[in-house]
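Please open the model in your viewer and keep the sequence panel beside it. The tour below goes from one selection to the next and says what is found at each stop.

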Amino acid sequence: MPDLKPRTEDHGAVGRVAFLGGIYSNYLALAEALRIARTRGVDAVYALGDFGAFGPHPDRTVEILREARVPAIQGNYEESLSTGADDCHCGYTDPRDNAFAQVSYDYTRRQTRAEHKAWMGTLPGHIRLTVAGRRLLLCHGSPRKINEFLWESTTPTPFIRRLLTEAEADVVVGTHTGLHWSRFVEPGRGVVNVGALGRPANDGRTDVWMTLVEDRAGELAVEHVPVSYDHARLAREMREERLPAEFVETVLTGWWTTCLEILPAKERARGRH
């Protein structure tokens, strides 16, 4: 993985913004999330990377994002696809997790047009926004590393304070883990993981998640929003594309069957497997 300082764009101030993380080729959930964002009257929508992986027809997700002119940053998938890397640089350490990740990456790489890969290469690594007077830094994994996992149970308050100081931000907004959570160490200062649109949050629900952040009477407010979509159709298309049965099971049941070994003990204990 390239060890370069990510390019950062400054997009100024917004009042209400929707964040989409880890879309993982779930174009059906993406379309529904954009509809929800419109009904909620957001000023902007941002995608935080990993548009492909896991699901079917990755180009459909990119086409929706580009047609809707959704500002986006690179996730590890976009970085890998745009540079011709051999794997997704997902950050897993377990052989089984890496084997499934490779199947997912190889499928996405084959099914993503060169034009879209080139577009991914133009995306910044970070974006800065201001909401309710607070400085937000948008990243994929963490401000330090594109594929760093920030888990709720293993991200202590002193570390959050240090992360914010180093990032010169009041709020770090990311995704990568696939599990939504937020923690503020003081009013208006903390970490927000926006969750994932691509697959359920290992909670036995078929919904996926997006996150709204807004200026509410001068204070920063965060809302994690469930997104219901036609998960049966997605599962059917995954089978038609010969994607792993384990992936299909997760879509249909809401429980993770892969990427489990990276989970900390508390997060894994919430699941079925």
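This is a predicted model: local features need pLDDT of at least 70, side-chain atom pairs count only at pLDDT 80 or more; totals for chains, interfaces and linings use all residues.

Begin by selecting A99, which lies in helix α4, where helices (H or I, at least four residues) and strands (E, at least two) are DSSP runs numbered from the N terminus. A99 counts as partly exposed because its relative accessibility is 43%; buried means under 20% relative accessible area, exposed over 50%, and partly exposed in between, with a 1.4 Å probe and protein chains only.

Residues are numbered from 1 along each chain as its sequence is written, and side-chain values use heavy atoms, with hydrogens and water left out.

C259 is buried, with a relative accessible area of 11%, and C259 has a positive phi of about 60° although it is not a glycine.

Next, select D97, which is placed in helix α4 and counts as buried at 2% relative accessibility. Leaving aside neighbours within four places in sequence, D97 is in contact (heavy atoms within 4.5 Å) with Y92, T258, C259, L260, E261 and I262. The C-alpha atoms of D97 and I262 are separated by 8.2 Å, although these residues are 165 residues apart along the chain.

For another positive phi, move to A132, where the angle is about 55° although the residue is not a glycine. A132 lies in the loop between β4 (126-131) and β5, and counts as buried at 19% relative accessibility.

**Aromatic rings**

How many aromatic pairs does the structure hold? There are seven aromatic pairs, where rings of Phe, Tyr and Trp (its six-membered ring) pair if their centres lie within 6.5 Å, and planes under 30 degrees apart count as stacked, over 60 as edge-to-face and the rest as tilted.

Select F19 and Y46, whose ring centres are 6.3 Å apart and whose planes are at 40°, so the pair is tilted. This pair links distant parts of the chain, with F19 in strand β2 (residues 16-20) and Y46 in strand β3 (residues 44-47), 27 residues apart. Both F19 and Y46 are buried.

Then select Y92 and F149, whose ring centres are 6.1 Å apart with planes at 25°, so this pair is stacked. Y92 lies in the loop between α3 (76-83) and α4 (95-111) and F149 in the loop between β5 (134-138) and α6 (157-167), so the pair ties together parts that are 57 residues apart in sequence. Both Y92 and F149 are buried.

T250, in helix α8, is the next selection, and it counts as buried at 0% relative accessibility. Not counting residues up to four places away in sequence, T250 touches F54, R199, P200, W255, W256 and T257.

**A helix pair**

Finally, display helix α7 (residues 231-240) and helix α8 (residues 245-253), whose axes come within 9 Å and cross at roughly 175°; axes are lines fitted to C-alpha atoms, for helices over the stretch in contact, and angles run from 0 to 180 degrees between N-to-C directions. That makes α7 roughly antiparallel to α8, because angles under 35 degrees count as roughly parallel, over 145 as roughly antiparallel, 65 to 115 as roughly perpendicular and the rest as oblique. To see the contact, select H231, A232, L234, A235, M238 and R239 in α7, which meet F247, V248, V251 and L252 in α8.
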